[in-house]
Amino acid sequence: MGNNNEEIKNYASFLNTLSPNELGIIASLAGLYLSQGLTSNQQNAIGNFLEAIGQIIQCIGAQTQYLEEKNNN
């Protein structure tokens, strides 16, 4: 898991260097690519799964940021 985690950190750091438009374009292209050849049910299943992952990551990030700011004050 350590090597994968390092790759994810590198990818997240790369995403932070992009402009909002660049990030939106990459997300659009990824969504279009991933949806090709899938039924609407499969598209919904993958989309909902990725949204759930995103929501959990955002929740963890928000709580971490809150606790870091609380500890710095």
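Gly47 counts as partly exposed, since its relative accessibility is 27%, a value between the 20% under which a residue is called buried and the 50% over which it is called exposed. This glycine is found in helix H3, and the model in which it sits is a predicted one. In sequence Gly47 and Asn3 are 44 residues apart, while in space their C-alpha atoms are 26 Å apart.

Phe49 lies in helix H3 and is exposed, because its relative accessible area of 54% is over the cut-off of 50%. Leu32, which has its place in helix H2, likewise counts as exposed, at 53% relative accessibility. Asn5, in helix H1, is partly exposed, with a relative accessible area of 35%.

| Residue | Relative accessible area | Class |
|---|---|---|
| Gly47 | Gly47: 27% | partly exposed |
| Phe49 | Phe49: 54% | exposed |
| Leu32 | Leu32: 53% | exposed |
| Asn5 | Asn5: 35% | partly exposed |

Two other C-alpha separations involve residues of this table. Leu32 and Asn3 are 29 residues apart along the chain, and their C-alpha atoms are separated by 28 Å. For Asn5 and Leu15, which are ten residues apart in sequence, the C-alpha to C-alpha distance is 15 Å.

Phe49 also belongs to a nonpolar patch on the surface, which it forms together with Tyr33, Leu34, Ile46, Leu50, Ile53 and Ile57, and the accessible area of these residues together is about 740 Å². Helix H2 and helix H3, the latter spanning residues 40-72, each supply at least two residues of the patch, and the largest share, five residues, comes from H3.

The remaining feature is the largest pocket, whose volume is about 530 Å³. Its lining consists of Ile8, Tyr11, Ala12, Ser13, Leu15, Asn16, Leu23, Ile26, Ala27, Ala30, Leu34 and Leu50. Helix H1, residues 2-16, and helix H2, residues 20-35, each supply at least two residues of this lining, and H1 gives the most, with six residues.

Terms used. Residues numbered from 1 in each chain as written. Predicted model: local features only at pLDDT ≥ 70, side-chain atom pairs only at ≥ 80, totals over all residues. Heavy atoms only, no water. 1 Å grid on protein atoms, 1.4 Å probe; cavity = no way out; pocket = protein on both sides within 12 Å on 5 of 7 lines; lining within 4 Å. Points joined across faces, edges and corners; volume = space filled by probe spheres on them. Helix = DSSP H or I, 4+ residues; strand = E, 2+ residues; numbered from the N terminus. Patch = residues over 30% accessible without salt bridge, like charges linked within 9 Å, V, L, I, M, F, W, Y side chains within 5 Å. Areas by Shrake-Rupley, 256 points an atom, 1.4 Å probe, with all protein chains shown as cover. Salt bridge = Lys/Arg side-chain N within 4 Å of Asp/Glu carboxyl O. Buried < 20%, exposed > 50% of the residue type's maximum accessible area, 1.4 Å probe, protein only.
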